[in-house]
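User: I have a structure open and want to learn how to read it. Can you walk me through the features one at a time?

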Amino acid sequence: MTVLVYGLGESGVAAARALLERGERVVVADAAEDGRLRGVLEELGVEGVLGAGSEVLEGVSRVVVSPGVRPRDAVLREARRRGVEVISEVGLGMELLGSGVRVAAVTGTNGKTTVVDMVRHILRGAGVKHAVAGNSWRALSGCVEEVRRAGVLVLEVSSFQLHHLPPQGFEVAALLNVRPDHLNWHASFEEYVRDKLRIFEGQGGGDLALLSAGDPICRRVAGQLAAEVLMIGEGGTEVRDGRLLLRGEIVAEERELGFVGLHNLHDALFAAAAAERLGTELGAVREALRTYRLRPHRMQVVAEEDGVTYVDDSKATNPAAVAAALQSLAGRSVVLILGGSEKETDFEEVLPHLQGCRAVVCQGEAGPRLHQYLSERWSGEVALEGDLASAVAAARRLARRGDVVLLSPGCASFDQFSGYEERGEAFARLAGGRRMVRG
């Protein structure tokens with residue numbers, strides 16, 4: 001049996017190495033062709049094709065696809081036409097892992113990396129042996145033996161990874177929210193929703209499904225799932241009177257925590273519920289949440305200059321995340337920086353939250369579209385700049401003492417940067433040079 005590994009990013013390379021270690025016959029390919037990819041082929045030492053077309057499918061019985069490859073890619077379309085199985089790298093990792101490992105899987109348009117990081121922090125504090133892999137972490141197929149030894153896996157899965165994932169029956173499956181996103185990758189929002197819901201496939205009555213009470217998609221499917229369902233945000237698992245409650249028990253007091261914002265508090269409840277299921281006592285959950293600090297680029301204060309506070313929310317790569325950021329700054333005057341690489345998403349849900357904005361600066365590839373959109377629908381000041389550097393300069397001119405300049409772009413970063421992390425670091429330098437870590 002010949003396996004084609006298609007897409008030679010980090011996950012594709014990990015998948016190829018894992019298959020080679022098992023003695024599988026492997027062919028690797030990528031639709032692009034550049035010096036980095038030629039170096040990858042040389043390092044792997046296997047048969048490979050760059051600038052690949054459907055010819056790479058000859059003699060192939062299975063395709064392991066990287067998450068960056070869109071479903072409508074010509075090679076994948078031809079594979080489906082021929083009846084060749086297509087599986088995601090995460091799916092391969094789960095297959096190699098086999099049974100005997102407890103898995104908590106987390107997905108959602110926003111917050112999944114934070115929830116996984118919170119679960120990791122709680123389990124570490126409680127002394128529960130575990131491993132973390134998936135979307136923002138590391139390729140699962142590259143750490144199978146470590147995961148098997150740990151016996152517990154916390155797995156972050158994106159819609160890209162779920163699209164080609166066979167039913168898994170995760171012991172814990174969490175869906176944080178579903179908002180329009182990645183519509184340049186998915187054929188439609190309906191397909192995006194279907195892919196997110198794949199996280200619950202294969203679950204049974206002994207498993208746990210975590211959903212958000214405030215999300216329409218979560219509410220719609222809650223009664224259709226085979227697993228035990230716990231709704232985050234109601235019924236005793238909620239934020240009430242300044243307290244975080246899990247099944248009616250106090251998890252923490254808001255004032256004790258090093259983070260704010262209702263969306264972050266709900267993320268903490270998702271993490272608490274998952275960690276409890278994986279064997280953590282409630283007291284250990286409480287102690288861990290008290291010491292938890294958000295990862296960089298998520299509502300992080302990076303500079304204060306001339307009475308203006310600069311906040312890096314570069315991880316906000318879709319409109320729902322922008323709305324949440326603005327909601328968390330209610331009562332503050334904000335100069336908002338929007339834009340980046342185009343994802344073809346609708347910013348309508350941001351509009352109600354612009355009332356506290358002094359101005360919006362649109363930048364990057366998506367800047368002209370956003371500038372036109374906001375100019376037609378919002379009465380406030382809207383500026384257009386070509387890139388992040390000029391946008392920060394414009395925001396500095398527009399801001400007044402006491403204002404917040406907020407980078408919450410609502411778009412990906414690939415028009416100017418390698419990822420949201422690099423964009424956030426650039427914003428910190430442009431804002432004042434020294435990154436200030438708060439909470």
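Analyst: We will take confidence, then the sheet, then a helix and an annotated domain. Keep in mind that this is a predicted model.

User: What does the chain average in pLDDT?

Analyst: pLDDT is the predictor's confidence in each residue, from 0 to 100. The chain averages a pLDDT of 90 here, and 96% of the residues score at least 70. Residues 434-439 stay under 50. For that stretch the model has 20 contacts beyond four places in sequence.

User: What is the strand order in the open sheet of 6 strands?

Analyst: Strands of a sheet pair through backbone hydrogen bonds, either parallel or antiparallel. In this open sheet, the order is β7-β8-β6-β9-β10-β11, and the pairing is parallel. β7 (131-134) and β11 (228-232) are the edge strands, each pairing on one side only. On average, neighbouring strands are turned by 15° against each other, direction ignored.

User: How many bridges join β7 to β8?

Analyst: There are 4 bridges between β7 and β8 (residues 152-156), and the two strands run parallel.

User: Which strands does helix α10 lie across?

Analyst: Helix α10 (residues 262-277) lies across β6 (102-107), β9 (172-175), β10 (208-212) and β11. Its angle to β10 is about 175°.

User: Which residues does the "Mur ligase C-terminal" domain annotation cover?

Analyst: The UniProt annotation, from an unreviewed entry, covers residues 297-409. In the model, that span is 28% helix and 27% strand. Its end C-alpha atoms lie 11 Å apart.

Key. Residues numbered from 1 in each chain as written. Predicted model: local features only at pLDDT ≥ 70, side-chain atom pairs only at ≥ 80, totals over all residues. Heavy atoms only, no water. Pairing = 2+ DSSP bridges. Axes fitted to C-alpha atoms, helices over the stretch in contact; angles between N-to-C directions. Contact = heavy atoms within 4.5 Å. UniProt positions renumbered as here; feature names shortened; annotations may be inferred.
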